[in-house]
Amino acid sequence: MKYGIFSDVHGNHVALKAVLDFYRKNGVENFVCCGDIVGYGPQPLECAETLRGLKNLVTVMGNHDAAMIGKMELKWFNANAAWAIDFARTQLTGQAMDYIAGLPERAETEHFTAVHGSPRKPLTEYLLSEGQFLDNTKNWSVSPCFIGHSHMPLYFREGEAGVPETDFLKPAVKVFVTGKNMFNPGSVGQPRDGDTRASCGIYDSDKKYFELYRVFYDVGAVQKMMAALKMPAILAERLSFGF
Ligand SMILES: [Fe+2]
Ligand SMILES: [Fe+2]
């Protein structure tokens, strides 16, 4: 079965639509979202409603989602991020808010595990090193584990003799699952690896590989919406650079 794996949509509905269109064109009908549906972007309601209506979707909660519903304090966020979380609170309807509030911090199926940050600290850990990957080993069982939060398209896996390996995921390069693996598909709505295109992946649970893709979307259209809403300028500007 093919799964569309994506994360960190962050209120960027134009990018989310482009990614879902990409999946549709490639016959992908099952999905995993690793959290941070809201925050940073201009259309948090549209993103929540699109995902609420998407069939065959497994979603977990991100730290921005948790802050929006009052599960995390805003003091953990910088001023611009906090602004966007407050903005999202004004946008979401009761139903959309209930949807976000009902998301689990961890999901596990026969084919995969999914969390936002890491298995041991689902809402807060930025998993970026082999050491962190090893330290998390006992906190999850079904491989692969899909993660988000850092906005970096990375994989981690148990290598030869227990020496862990990590590297950036490159577009259209298959990475096969061997032992315990983690995959971060990067960010749909606010890429931070210098590539402005939306980042997402496909996982084939029969052939056991993960493949990254980058999808063009209309960055300028999103920036215009953000300017009209008088959102902090840096949140719009960074989309032009992918940082
Ligand atoms: Fe995020
Ligand atoms: Fe996050």
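The exercises below work through a metal site and a cavity in this predicted model.

**Exercise 1.** Determine which residues donate to the iron ion (ligand 1), and how they are spaced along the chain.

*Solution.* Begin with the protein donors, which are Asp-8 (OD), His-10 (NE2), Asp-36 (OD) and His-151 (NE2), lying 2.0 to 2.3 Å from the iron ion (ligand 1). Reading these donors along the chain then gives the spacing D-x1-H-x25-D-x114-H. Finally, Asp-36 coordinates the iron ion (ligand 2) as well as the iron ion (ligand 1), and the two ions are 3.3 Å apart.

**Exercise 2.** Explain why the arrangement around the iron ion (ligand 1) is irregular.

*Solution.* The four donor atoms subtend angles of 86 to 175 degrees at the iron ion (ligand 1). A tetrahedral arrangement would need all angles to lie between 85 and 135 degrees. The angles of 86 to 175 degrees therefore make the arrangement irregular.

**Exercise 3.** Decide whether Asp-8 is buried or exposed, and do likewise for His-10.

*Solution.* The cut-off for a buried residue is under 20% relative accessible area. Asp-8 has a relative accessible area of 0%, so Asp-8 is buried. His-10 counts as buried because its relative accessibility is 1%.

**Exercise 4.** Describe the largest cavity by its volume and by the residues that line it.

*Solution.* The count comes to one cavity of 30 Å³ or more, and the largest cavity has a volume of about 50 Å³. Its lining includes His-10, Asn-12, Tyr-40, Gly-41, Pro-42 and Met-226. Sorted by type, the lining residues divide into six nonpolar, five polar and no charged. His-10 links the two topics, being among the lining residues of the largest cavity and also a donor of the iron ion (ligand 1).

Terms used: Residues are numbered from 1 along each chain as its sequence is written. Chains are lettered from A and ligands numbered from 1 in the order in which they are written. This is a predicted model: local features need pLDDT of at least 70, side-chain atom pairs count only at pLDDT 80 or more; totals for chains, interfaces and linings use all residues. Side-chain values use heavy atoms; hydrogens and water are left out. On a 1 Å grid over the protein atoms alone, a cavity is a set of points where a 1.4 Å probe fits but cannot get out, and a pocket is an open set with protein on both sides within 12 Å along at least five of seven lines; lining residues have an atom within 4 Å of a point. Grid points are joined across faces, edges and corners, and a volume is the space filled by probe spheres set on the points. Ala, Val, Leu, Ile, Met, Phe, Trp, Tyr, Cys and Pro count as nonpolar, Asp, Glu, Lys and Arg as charged, and the others, Gly among them, as polar. Donors are N, O and S atoms within 2.8 Å of the metal (3.2 Å for Na, K and Ca); water is not among the atoms, so sites may look incomplete. Four donors count as tetrahedral if all angles lie between 85 and 135 degrees; four count as square planar and six as octahedral if opposite donors are over 155 degrees apart and all others between 65 and 115; anything else is irregular. Buried means under 20% relative accessible area, exposed over 50%, partly exposed in between (1.4 Å probe, protein chains only).
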